[in-house]
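Dear colleague,

Please find the structure below, followed by a short account of what was found in it.

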Amino acid sequence: MNFFVLLFDQVSAHIFILLVAVSGLTSFFTASFGAGGGVMLLGVMAQVLPPQLIIPLHGVAQLGSNAGRAAMSWRHIDWRLIGAFLPGAMLGAFIGSFVLVSLPPAIMYLTIALFILYLCWGPKLPKMVLGHWGTAFAGAITTFITLFAGATGPLVAAFVKQIHVDRFRTVATFATAMSLQHVLKITVFQVAGFPLESWLPLLFCMIISGAIGTWIGLKVLKRMPDRHFHRIFNIVLTVMALRLIWQSFALL
């Protein structure tokens, strides 16, 4: 009895089950098709949780999902890209910790969406932008934005896609970059005094569900040809961008 009281202390049983199930399904989606699951999970959490809880709780759940995906595909991680991404991400988190306020989400969503559409369908970025300093800059900007919008996964995925063609390298490197970004995000919110401890039972179950979804999704990825992966990847990211545009206009 006490066990179930602890589980459903923060949310009702049906919301608990919904969030755990969606965590698994969205992790499966991201592992199979490269991106999009995090934004889907964010959308569901926005419907059932208070606004001030969404981004920090989403960060912990997505850390579990992305870390699991990175661990299961570690042989394919581009560590050189991660080495350039991390310092920028740390700088973005540091700056963001001083301005942890509510910025206009409509402008932020619209900007992210336009960047995603350009990275998917526009001309390939110059080599200088995709190099060490460009990657560090991308790490700083996306980490800063994720503290307020929590929706930078598709943008990071679209950036990684510009660098790598191999589907496993894309998924593994993206998962590692997002894991680092979520660690930094969680650290900022912890320092700001957000009480994550009281949400640990829900988050633990969401992480376990996400790991199962990731494992199944990577099995699907192995059976998917590169050409199909990149076509689906672009479509998924485009749908996410259009959703962000719709959100931005709804908020104006």
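**Surface patch and helix packing**

M72 lies in helix α4 (residues 51-72); helices are DSSP runs of H or I with at least four residues, numbered from the N terminus. The model is predicted, with local features needing pLDDT of at least 70 and side-chain atom pairs pLDDT 80 or more, while totals for chains, interfaces and linings use all residues. Residues are numbered from 1 along each chain, and side-chain values use heavy atoms, without hydrogens and water.

Together with F204, I208, I212, W215, I216 and V220, M72 forms a nonpolar surface patch of about 660 Å² accessible area (Shrake-Rupley method, 1.4 Å probe; residues over 30% relative accessible area and without a salt bridge, nonpolar side chains joined within 5 Å; a salt bridge being a Lys or Arg side-chain nitrogen within 4 Å of an Asp or Glu carboxyl oxygen). Helix α10 gives the most, 6 residues.

The axes of α2 (residues 13-33) and α10 (residues 200-222) come within 6 Å and cross at roughly 30 degrees (axes are lines fitted to C-alpha atoms over the stretch in contact, with angles from 0 to 180 degrees between N-to-C directions). The two helices are therefore roughly parallel (under 35 degrees).

Helices α7 (residues 132-146) and α9 (residues 167-191) pack at about 45 degrees, with axes 10 Å apart.

Yours sincerely

Conventions. Angles under 35 degrees count as roughly parallel, over 145 as roughly antiparallel, 65 to 115 as roughly perpendicular and the rest as oblique. Patches are made of residues with over 30% relative accessible area and no salt bridge: like charges are joined within 9 Å, nonpolar side chains (Val, Leu, Ile, Met, Phe, Trp, Tyr) within 5 Å.
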